[in-house]
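Here are my notes for a colleague opening this model for a first look. Keep the viewer open and follow the points in order.

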Amino acid sequence: MDAMNPEKRSKRGPLFYIGAGGLLAMMVVETAAVLGRHVGIPVTGALEIAQACIVFAACAAMLVATLQGAHAAVHMLTDRMPRPLQRHVFRAGSVLAGLFFAALAAGSAWLAFEYWDSYEQTEVLHIPFRPLRAVVTLAAALASLAFFHRAMRAEQKP
Amino acid sequence: MSGLLGVLALLALLALGVPIGIAMGAVGLVGLTILIGPEAALVKGSVVFFESVTRFELGVLPLFLLMAHFCFAAGASRDFFSAAAGLVGHRRGGLALATIAGCAGFGAVSGSSLATAATMGEIGLPEMRRRGYSTAFASGAVAAGGTLGSLTPPSGALIVFGIIAEQSIGKLFTAAIIPVVTQTLLYMATIVILCRIRPSIAPPSPRIPWAERGKAVLRVLDLAALVAVVLAGIALGWFTPTEAASIGATLSLVLCAIRKRLTWQSFCEALGRTLRTSGMLYVVIIGALIFASFMSFTGLAEQIAALVHRLDSGPTATIIVIALLLLLLGSVLDGLALMLLTAPILLPITTALGISPIWFGIFFVRTMEIGFVHPPVGINLYVMHSIAPDIPIGRVFKGVLPFLAADFLHLAMLIAVPAMALALPAWLA
């Protein structure tokens, strides 16, 4: 399995299904909420369900973009560099990206730990924040690992 | 001083090809570490991260992208072009006019300049070349028309601006309507004038029977209705932008099924593309928000605002200077990087001068659009060159020049008459 190469990797792995599921669930819930509001049958807590769905969709989306090397970058200068130098620059960029996500993962884990006993939850449906914080922390950690993995290979643009 | 160093560090990282979101986030985190300490910086960055991925309003981005991909799967791009070509294609320059109209129509469902230029280029450019249009004129028309995708609501650029600037996305969409219409009309006027001056650049095509024209127009009625429902819903307050995006995505999925274009393959492809683009945008937004926090701690924007105040140059002169700065930076940075780098610095300055943030958002995206077609970056021009590699890039540049003149005229109109952007939101409020 080659997780870093978009050509070789299956496009419909678990991340795809998690992200697509979150996205479609949000779409359905919000559409039902709008229709419900206009016909007099409000969907209670629709916003909170959508908020939970978007966490899964957003985290999976960030990982999909990272694994497929789809992050927006300016390549005007690097495209004109000699190949070996280009490789070093991409490797440095990937290390920086890995460190950035590692910092976010560490910070998120810290916050999750701090708030663990405060039982954060949404107001209407009481959806707990703990699993959401765990998902966000995990996503940042996985993105960090993906960038470090790329830095070790340094074959693709970050 | 730290703010200026931060901006320079960011520019250096961007030049070295570091992804935009990561460059902004890393500079922001390091800057915050220096200013407020590592512990507070880590907490600040993580709070921004968590709040961004749990933010309901940000759901508008992936859902509008999903709507765009379902519309694309439903054949929206070709249908918009065919309808416009059926109506005006037989006139001199008619296919170029159809391309501009197609760009405006497809821009409304794609929300992206690049996607509009690439898609309409694939459809319009070969057709114009087949009918003997000048390659410079044809490629210039598509490249310029593609920029309409950035401003035509629901626009991705306006959504990102709304999030960064904490402004109502609904108001931004409504404010964009008149500028988009006037920009489209100016491009069309440019085509008509060019065809009057040099008729050989765009020969007339054979007239299509009325029955076929009618069919072509009927084919886009459902797509036009979808866009109308989404925009009217937001403008008239039937639903929030996020709800509008959900309705738009659901209706476009239904529309795709009714048109018998919905297969498991196209469904998964639309979802996969949406996830990839939204993931990229999420990282960019998170990075930009961390960078904006750092900027607010440096006080750079306030210092520049104080300098502007001391110069006592007035809002119009300041806006002209900002426009020149954005055009200059836009010639070396891509649109998204330009917006995320400068909006947190420029917005407090313009707000201090009493300029409406909604107007500034429209002005910003409009200026950013010009960067898509002016050298040396002019990404839409390179898109045209990649679609038709036999057209030298110099000819594409030459072809876009008259449209660039129309762009500058339009920008001047927007500065001189702010009501172009502000009248509709005020009227609908």
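1. Start with B:Ser110, which is buried at a relative accessible area of 11%; buried means under 20% relative accessible area, exposed over 50%, and partly exposed in between, using a 1.4 Å probe and protein chains only. You'll find B:Ser110 in helix H6 (residues 94-110) of chain B. Helices here are DSSP runs of H or I with at least four residues, strands are runs of E with at least two, and both are numbered from the N terminus. Leaving aside neighbours within four places in sequence, B:Ser110 is in contact with B:Ala68, B:Ala115 and B:Thr116, where contact means heavy atoms within 4.5 Å. Have a look at B:Phe72 too: 38 residues separate it from B:Ser110 along the chain, yet their C-alpha atoms are 8.0 Å apart.

2. A word on the ground rules. This is a predicted model, in which local features need pLDDT of at least 70 and side-chain atom pairs count only at pLDDT 80 or more, while totals for chains, interfaces and linings use all residues. Residues are numbered from 1 along each chain as its sequence is written, chains are lettered from A and ligands numbered from 1 in the order in which they are written, and side-chain values use heavy atoms, with hydrogens and water left out.

3. Another serine for you: B:Ser293 sits in helix H14 of chain B. B:Ser293 is buried, with a relative accessible area of 11%. Apart from neighbours within four places in sequence, B:Ser293 is in contact with B:Leu32, B:Lys44 and B:Val48.

4. Now the core. The largest nonpolar core holds 193 residues, and B:Phe64, B:Phe137, B:Phe360 and B:Phe363 have the most contacts inside it. A nonpolar core is a set of buried Ala, Val, Leu, Ile, Met, Phe, Trp, Tyr and Cys residues joined through side-chain atoms within 4.5 Å. Helix H14 (residues 264-298) of chain B gives the most to this core, namely 18 residues. If you zoom in on B:Phe64, its partners beyond four places in sequence include B:Pro154, B:Ile159, B:Phe173 and B:Val230.

5. How do helix H1 (residues 14-39) of chain A and helix H4 (residues 60-73) of chain B pack? Their angle is about 90°, with the axes 11 Å apart; axes are lines fitted to C-alpha atoms, for helices over the stretch in contact, and angles run from 0 to 180 degrees between N-to-C directions. H1(A) and H4(B) are therefore roughly perpendicular to each other. For reference, angles under 35 degrees count as roughly parallel, over 145 as roughly antiparallel, 65 to 115 as roughly perpendicular and the rest as oblique. From H1(A), A:Leu23, A:Leu24, A:Met26 and A:Met27 meet B:Pro62, B:Leu63 and B:Leu66 of H4(B). By class that contact has seven nonpolar, no polar and no charged residues; Ala, Val, Leu, Ile, Met, Phe, Trp, Tyr, Cys and Pro count as nonpolar, Asp, Glu, Lys and Arg as charged, and the others, Gly among them, as polar.

6. On one side B:Ser77, B:Arg78 and B:Phe81 of H5(B) meet B:Thr119, B:Met120, B:Ile123, B:Gly124 and B:Glu127 of H7(B). The residues of this contact divide into three nonpolar, three polar and two charged.

7. Chain A has four helices and zero strands. Of its 158 residues, 49% are buried.

8. Finally, some backbone spots to check. Most residues other than glycine have a negative phi, and most peptide bonds are trans. The bond from B:Pro153 to B:Pro154 is cis, with omega near -5°, and B:Pro154 is found in the loop between helix H9 (148-151) and helix H10 (156-165) of chain B. B:Glu166, not a glycine, has a positive phi of about 55° and is exposed, with a relative accessible area of 67%. B:Lys260, also not a glycine, has a positive phi of about 60°; B:Lys260 is exposed at 75% relative accessible area and lies in the loop between helix H13 (241-258) and H14 of chain B.
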